[in-house]
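Reader: I am new to this structure and would like to learn how to read its aromatic rings. Could we go through them slowly?

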Amino acid sequence: PAKFKEALRERAAKLREKRDAQIVEASRLDPNNALFQLSVAYLYHQRKDFATALKKYEHVLEIDDTMGEAYFNMADIYRQQNNIPKQIETYQKIFEKKPDFKNAHLQLGRIYEAQGKLKAAIEQYIEEVKLDKNNATAFQILGLAFFRNSDWENMVKVYNRLNVLDPNNANYYLYKAQALTRLNRWDEATAALEAAQVLSPN
């Protein structure tokens, strides 16, 4: 079994090497194809050759400055380099060039929240859920931000949405019940707790 696993690892490594070579060759043969250039930029990104990756992403944007993935991936490099100002600047570029790009508002909101700017973070989270009303992760983050901001009315609205997205998640009913008790809406809070108990009797 050990030899078999080693053989599989070697085969996977050779396949990755072949794939990477094809990506590099495609980008060389068609230097003005934004998708090919994006692929080779991401290849260097994964290898943590950030200097080369950033140059490649910049080349992508010279070809097509509305390529949201290039900005988003550049922002990730700045995150890994702990260059928060450049990370924020890059997310703002996404909003300018590709306003319907998903997850950028969520990431910017997290930066603001880490900086203690809760209201600014909430504004970003709201923009994110406007873009994708089925993004349960974004709604969860928004709900917790409303909790930290003691905004119980909006917290209830968020968890109502989460109940629709995943009606079998007992925790959503528990969190909603917390907000409802703060609003003295006891009957609704009791109903939420009973729903949670049905889903998770233990």
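Reader: Which residue has its charged end over the ring of Y44?

Author: A charge sits over a ring if NZ of Lys or CZ of Arg is within 6 Å of the ring centre and within 35 degrees of the ring normal. Here the charged end belongs to R47, which sits over the ring of Y44 at 5.8 Å from its centre. Please keep in mind that this is a predicted model, in which local features need pLDDT of at least 70 and side-chain atom pairs count only at pLDDT 80 or more, while totals for chains, interfaces and linings use all residues. Residues are numbered from 1 along each chain as its sequence is written, and side-chain values use heavy atoms, with hydrogens and water left out.

Reader: How many aromatic pairs does the structure hold?

Author: A pair of aromatic rings is described by the distance of the centres and the angle of the planes. Rings of Phe, Tyr and Trp (its six-membered ring) pair if their centres lie within 6.5 Å, and planes under 30 degrees apart count as stacked, over 60 as edge-to-face and the rest as tilted. The structure holds 5 such pairs. In one of them, the ring centres of F72 and Y91 are 6.1 Å apart with the planes at 55 degrees, so this pair is tilted.

Reader: Where in the chain do F72 and Y91 lie?

Author: F72 belongs to helix α4 (residues 68-80) and Y91 to helix α5 (residues 84-97), so that the pair links distant parts of the chain, 19 residues apart; helices (H or I, at least four residues) are DSSP runs, numbered from the N terminus. Ring pairs also link F72, Y91 and F101 into a cluster.

Definitions and conventions:
Helices (H or I, at least four residues) and strands (E, at least two) are DSSP runs, numbered from the N terminus.
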